[in-house]
Amino acid sequence: MTRAILLVLLSHWRMHRLQLVTLLTGIALATGLWSAVQAINAEARASYARASDQLALGQFDEIRDPAGSISLSRYVDLRRAGWQVAAVLDGSIRIEGQTVRVMGIDMVSAPALPAVTQTEQSATPPEPADILTAPGRLLVSPDLAPVFEGLDGYPPVIVSTALPPSFVLTDIGVAESLLDRSGQISRLIVLPEQPLDIPSLGDVAPGLIRTSPASQLDTAQLTDSFHLNLSAFGLLSFAVGLFIVHGTVGLAFSHRRGMIRTLRALGVAMPHLVRIILFELVTLALVGGVLGLVLGFFIAGALLPDVAATLRGLYGAPVDGQLSLRPAWALAGLLMAIGGTLAASVHALWRLSEMPLLAGPGVQAWRGSATSWRITAVTGVTMIAGGGICFAMFGGLLAGFVMLAGLLTGAALLLPLVLSLLLAALSRRANGPVAQWVWADMWSQLPGLSLAMMALLLALAANIGVGTMVSSFRLTFTGWLDQRLVSELYITAGDDAQGQLISEWLAPKTDAILPIRSVELPHETGPLFLYGVVDDPTYSEHWPLIARSPEAWARVHNDRAVLINEQLARRANLWPGDVLTLPPDHTLPIVGVYSDYGNPTGQAIVAMPVLDSIVPKVPTRRFGIRVDPSVATDLAQTLRDRFGLPTSAVVQQSAMKAQSLAIFDKTFVVTSALNVLTLGVAGFAILTSLLTLWTQRLPQVAPIWALGQTRAQLARLELVRSVLLAGLTAVLALPLGLLLAWVLLAVINVQAFGWRLPMHLFPADWLRLFLLTMLAAAVAAALPALRLLRLPPADLLKVFANER
Amino acid sequence: MNVRALLVFLVFPLSAFAQGYAGLGTSAEGFSTPKPGYEFQFPQDHGPHPDYRIEWWYLTANLQGADGQDYGIQWTLFRSALKPFESDGWQSPQLWMGHAAVTTPDNHYFSERLSRGGIGQAGVQADPFDAWIDDWHMRGDGLDHLALAASGTEFSYDLTLTASGPLVFHGDRGYSVKSADGQASHYYSQPFYTVEGVLRLPTGDVAVTGQGWLDREWSSQPLSEDQSGWDWFSLSFDSGQKLMAFRLRGERGDFTSATWIEADGKSATLDDGSVQFTPLATHNVADRDVPTRWRVSLPDKGVEVDVNAITPSAWMGTRFEYWEGPVRVSGSHTGQGYLEMTGY
């Protein structure tokens, strides 16, 4: 019996293949976009976790010298005082145009890292002598194997899968020569077992600072906001996809009313029927879900390299560009597909179970009623208010997103009421019977189309909001780069001594030499980079300050005052008039806050003598050079030749800007891609809704046709109707999108990254989006219009014949 | 003490590399090898011999607290050369490993340190004598007066050692044969130390006095292929006489050797087979049965003694594991000493 019922139900799909395709596509799109985002996030997070484990990051306390590297003799002093520490030398080299991170560890005393264990347990483990003595061995990540192939001048390579991408692990003795940093140590890992009664760090090695794992830079934490942004986008795509599912399921059920009535007349109990339909829906959800997973996997695979590049550029986070299939991800995707399908069908199922036994196959019963719009609208207002209250009460990034979700959903729920009021008003003002009919007809179609219009509203608002945010950011960022990067040349010397030589040689040839000296200090908000600056008008004229006390720069040079970056200001809530406390016991008055986009960490600027008094002997390896721009290129080459500097050590301003902008643009590739995809999904939702309405269309257009309108005219009106509705929605989406942009710029960005951006408006972009929407609506209406055009007049006549 | 040679090769944290060393006993490419008739030069020979593969400065002491309680301490510095030379910097091929332990009747505390040469973190210099790794040291003018210190997570000690007798050379004037195949080492000892100082233990500080024994040995080809481990005894009898005796356990039969030392330092080498070793009882420690009670017979000298571990659980759970602890001697002679056993 069950089998027979199921076959009857399934016969519907055989007859309406397009509906089946639409339904499966809806489920697949919703699942696919959501899963793609989840896959990217999972992959990135797995990369961080892997890197942390592989490199034992964040597991041990560390000792650093805020002034730079630790000398070998200090390491030996600590060791001979009993301190059990392992030396690490970090750096990067460029090989074949690729930047490769190098980590040199003391293989004798460092805790065994997974890559080392893997190597030693391999079939052909290297001899210790090979690892520890010249030329040594490089353990490299698999992606680097082809890079090193055939390269002379490097130690032999051992490939290890237990390393993050673009990473070289080697003994510290090898790293010294590879990085050309003989006798230097970047940090000391404090081993877990220390002997009794060791003297204090301050007694043995004054100036060195010990930090616990908690205060070390944690990639996962840093990138959380980035991933939350992606997740929010994924959820939005999912919601939009579900509109399609909802539309198609509603359509299918309306088509099956006759069939269901017959089945019930034959004695099939309603609960039994509902169970079988549920089974059918779950099966369809599974099929669509699997398709979605395949789709998601490909989307994620296509987007991951850009995301990886972004994360590397922005946070230095090691992310593999390779996607691997994770069972948890697939399972979650399928559950989302089933859950989403059922949620989107619950309305239709409920209607079905409430249907009177002998109800006719009419379709009017399936439509929402005008009175329910008011209820929906009230719900919408409640959601907007709820989101706002949530943010006001809790604050923070998550609450920011809740507010955003409330705003978007609430606005979507308000849409039917607003549209109906608009249409009613327009219809009153219409001249002539056809125009009046068009408006009235649109109004009467609104219940069936409102869901698709909500999807469109969301997609458009997201596009406008995110587009405005990205473009505003880019504009601000470009202006900021122009201000910030004023030196014509940026030079990095090999060491302090070479820095000295270079600056002496350059002094007579340039307008100004601006040393860039910095130290890393611990602060309650995380690591803080303290920079020293010389007294030069370049800074006071160009440095972009977003908050300042009077005479800020003069006070920096005369009163031991400090400027801090926006990230630090917002994180620690410090503003001009407050003081900044630095270890061991320096308190500096804050006289200004500067914007510092793209930097995840806190930063502060003091006068050079102040830097020296806080941390003596900071090396001077980097310089900005002010020089006549026309001679910059020649001077750069001369510098490289004269001091044997690699190309990357002498960078011109334009190159630096181009590099920064390239990283910036990469950051938003994913956002734009998701934007376009969401809009595509919304267009598809309109199509499904129009197809749903098609069945009810004939009784409505037949009288108009009978009154003398040709089929071609009716088809045109069909197109116009769709375009007009989409246009109205697009107009309404604009203020919503701008509101969204404002929330993103002034709330989400501040919470996520620690900077607030000014909002710029881009009307040309809106116009383009508006036209794109019209086009999408026209394309979506084209199929129903074409059907109308080709409809045999006999069918239209039948409407009257069949009328009861 | 070929045992210790193996130890040294495990100096490496890459534990699996150890397996690569199983066959090391047989080859000594590029390294110097011990020669009979070698003339020791002091103080130079107290210092390192980087052209030999392995070397150690190995001190054990039997100590007593004011209440008569027995204690034992070990202080060892191993040198292992990956290549037969020394160079400055991280890429020095000389590796150093320190082992230190304090044994009480109820507990055995131990610690291990690793370093490489070339950077000053560990090393030995002959004159003035200084052997060190991290904060551990054994230093003095010559070997006659030494200051000794080591520390671990649960213990530390600071001791002074004063020699009251001459150096003793094992084998043929310091050329000590280790197998029937002819593997050998240069081997001498200073077994006449009186020791005093303080042990710092979890239960508190303990002032101790007692006697110590220093072994100096270097070689490049320590073990014969079939040899799996050894039992090594250094015994000080209440008569003032001393006995160093070892048994290398091999598939082709055991190889034994011993040195009989009179109270005035005169010594005699006893060839393979002169000493008999009979395990009397075993103790289960670290999941293996280790003989902690022995009968040692040396008929030539009228010695028939029972050797009893004071702390049967004196297991060194270091990268290369072995048993090392103080013993009490009873029977024809009474006294105390140290026992080391590997390969169980």
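**A loop residue and its setting**

A: B:R173 lies in the loop between β10 (168-169) and β11 (175-177) of chain B; here helices (H or I, at least four residues) and strands (E, at least two) are DSSP runs, numbered from the N terminus. The model is a predicted one, in which local features need pLDDT of at least 70 and side-chain atom pairs count only at pLDDT 80 or more, while totals for chains, interfaces and linings use all residues. Residues are numbered from 1 along each chain as its sequence is written, chains are lettered from A and ligands numbered from 1 in the order in which they are written, and side-chain values use heavy atoms, with hydrogens and water left out.

The phi of B:R173 is near 50°, a positive value in a residue other than glycine. Most residues other than glycine have a negative phi, and most peptide bonds are trans. B:R173 is exposed, with a relative accessible area of 58%; exposed means over 50%, buried under 20%, and partly exposed in between, with a 1.4 Å probe and protein chains only.

A:S166 belongs to the loop between β6 (157-159) and β7 (167-171) of chain A. A:S166, however, is buried, at a relative accessible area of 12%.

In chain B, the bond from B:D127 to B:P128 is cis, with omega near -5°, and B:P128 is placed between β5 (122-125) and β6 (129-133). In chain A, a cis bond with omega of about 0° joins A:A134 and A:P135; A:P135 is in the loop between α5 (128-132) and β5 (138-140).

The strands of chain B come next. In β1 (residues 54-65), 12 of 12 residues are buried. Residues including B:T60 and B:N62 point one way from β1(B), while others, among them B:A61 and B:L63, point the other way. Strand β1(B) runs antiparallel to β2 (residues 70-81), joined by 11 bridges; two strands pair if DSSP finds at least two bridges between them. In this pairing, B:A61 stands opposite B:I73. The hairpin of β1(B) and β2(B) has four residues between the strands, and B:G68 there takes a positive phi near 85°. Strand β1(B) is also joined to β13 (residues 204-219) by 12 bridges, again antiparallel, with B:Q211 as the bridge partner of B:N62.

Chain A has 26 helices and 20 strands, and buried residues make up 54% of its 804 residues. Its helix α14 (residues 396-429) reaches 47 Å from first C-alpha to last, close to the 50 Å expected at 1.5 Å a residue; the expected span is 1.5 Å times one less than the number of residues. A kink of about 35° lies at A:L415, shortly before the proline A:P416, the bend being the angle between axes fitted to the seven residues ending there and the seven starting there.

Lastly, A:M759 is in the loop between α24 (711-753) and α25 (763-790) of chain A and is partly exposed, with a relative accessible area of 32%.
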